[in-house]
Number of protein chains: 2
Amino acid sequence: MKKYLIGVDVGGTSIKIGQFDLEGILQQKWDIPTNKLHNGENILKDIATSILHKIDVQMISGIGIGVPGPVSNGYVLNGVNIGWGRKNVSEEFYHHFPYPHIQIRVSNDANLACAGEVFQGSGKGYKDVVMFTLGTGVGGGILVDGQIVEGINGVAGELGHMQIDHVHQIQCNCGKKGCTETVTSATGIVNLAKIKLSQSNKQSMLRSLDSFSAKRVFDYAKQGDELAIEVIEEASDYLAYAMSLVTLTLNPELFIIGGGVSNAGDFLLDKIIKHYYHYVSSLITNQKIVIASLGNDAGIYGAAYMVK
Amino acid sequence: MKKYLIGVDVGGTSIKIGQFDLEGILQQKWDIPTNKLHNGENILKDIATSILHKIDVQMISGIGIGVPGPVSNGYVLNGVNIGWGRKNVSEEFYHHFPYPHIQIRVSNDANLACAGEVFQGSGKGYKDVVMFTLGTGVGGGILVDGQIVEGINGVAGELGHMQIDHVHQIQCNCGKKGCTETVTSATGIVNLAKIKLSQSNKQSMLRSLDSFSAKRVFDYAKQGDELAIEVIEEASDYLAYAMSLVTLTLNPELFIIGGGVSNAGDFLLDKIIKHYYHYVSSLITNQKIVIASLGNDAGIYGAAYMVK
């Protein structure tokens, strides 16, 4: 009987589930809502029920589960977005999925986005990869020799919380100031634009708006709005600086830039590359840096990658 | 016949060679001078000759060689301190050591110091380890799952060149400004002391000296000299900040602090730990941070570790 990998990506609103063949080709995918009631105690049961409803258990080779929050050695340490505290996910999953011969693995969602891109996306064929996911916040994922690096406290790859900005010192949700996230996420780009609008007298289409999104900043920058361009240059510079610090630590084969902000494509990538070499040119001249290609599906691909 | 591991550490002045049993117990060690004439072309021949003169080739299980400069996949990319450019070390070593069944491996000396501490020093038993070697400069070494991380360009673990100081912006030998090395090495501690002496009116025993070493700054700090204490606090803060950035990347089980500066022992370590938690306390509360224990022998231990 043909076997399949199941990749699950648990988000704060919905849970994505994907069925993949053993080569990683997506066969079908679907969503179920995330039930956060009672500290999310039904989430794993809902996932098990949904999978067993859709797929004959004898066809399942393994199930990978991505969760928001730090994970180390199979334990989610603090799944605050979905109501979880510390939890041994695979052990609890087997209560609802009584097939102990089927491998269950769990990891952090941002790590799995990186693994997903390596499995079937723009990182295919690479083994030493670092990904920055620039969304509302900034997630990070790291693969060394094809293995996800979680860290002893599940904190590895928390690249969004490197404190790299010593100028604006914007407050981060994590409690610290100046984290990568405060100046390179979608929120961070809006932060930088607001600062620049208040500190500069330069004309800008952004001045006519009461509020605006990072996408709007990109749109105006692409149309030649000088102030908007300066904002994107500054955000790219901060990201490039964070990447330079990671380079001096891991010197990966490949950097992947993902998340909603990366939809800006080459317009963003070219600026990141320019600033990156400003920081590392004496050491490196040929770094591969690419935009992610799997979008929101990267998590389910990465979850499946864990059990392939 | 009993077998032995050979660890070689090539320095700019001398080459250390150690003979270890398979458990990593040092049996004997000796030095030969580093002949840098003609771009160091005799170095590998000298090593091979010296080993074969001391040890029966049938007793050699493997030879590990540490070199100053970036190494990736067996190639030294730029061994500038010993006159080498790009070189396939093991291939060339076999010209002088015609025993192809005996494994030869090469890596960067700072990476091997870390591996050595993991093999037989203060990192024994750990697998995910980051080491800062605070000497005249600052070297770094990284082990993930027990394996040395070299990076695609051999730049992994170049922690001394993370540009972390945005205040003093001291020129580094690498061409950049504000590298970890400029504010945490022995030279960096003297740099910080000179800056503080010129910017502060505070009394200090350091003022009576025309020139001084990092050791002198530590000695006076231990005697209660306030300005000297401030210098050590500042250097410790910079190192702790660099460690926090590495934590958000790799979250290792253990940090090891080595090199001559680490001879200051707990006086330094306590300050590093205090500043480290200032940066990471929201994520981590139980990080292991220790002082290295093998001193200048770490390199030969690490070289032997590669071939065990």
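1. Before anything else, a word on angles: axes here are lines fitted to C-alpha atoms, for helices over the stretch in contact, and angles run from 0 to 180 degrees between N-to-C directions. Keep in mind, too, that this is a predicted model.

2. Now the helix pair. In chain A, helix α6 (residues 186-199) packs against helix α8 (residues 226-250) at an angle of about 130°, and their axes are 9 Å apart. That angle makes α6(A) oblique to α8(A). The crossing of α6(A) past α8(A) is right-handed.

3. Who touches whom? From α6(A) come A:Gly188, A:Ile189, A:Leu192, A:Ala193 and A:Lys196, and they meet A:Leu227, A:Glu230, A:Val231, A:Glu234 and A:Ala235 of α8(A). Sorted by class, the residues of this α6(A)–α8(A) contact are six nonpolar, one polar and three charged.

4. On to the domains of chain A: domain 1 covers 4-120 + 297-306, and domain 2 covers 129-292. Their centres, taken over C-alpha atoms, are separated by 28 Å. Domain 1 puts 14 residues into the contact and domain 2 puts in 19 residues.

5. Which elements give two or more residues to the domain 1 side of that contact in chain A? They are β5 (71-72), β8 (103-108) and α4 (109-120). The largest share, seven residues, is from α4(A). By class, this domain 1 side has nine nonpolar, four polar and one charged residues.

Definitions and conventions. Residues numbered from 1 in each chain as written. Chains lettered and ligands numbered in written order. Predicted model: local features only at pLDDT ≥ 70, side-chain atom pairs only at ≥ 80, totals over all residues. Helix = DSSP H or I, 4+ residues; strand = E, 2+ residues; numbered from the N terminus. Parallel < 35°, antiparallel > 145°, perpendicular 65-115°, else oblique. Left-handed = near helix turned anticlockwise from the far one by under 90°. Contact = placed C-beta atoms within 7 Å. Nonpolar A, V, L, I, M, F, W, Y, C, P; charged D, E, K, R; others polar. Domains from an automatic or database assignment.
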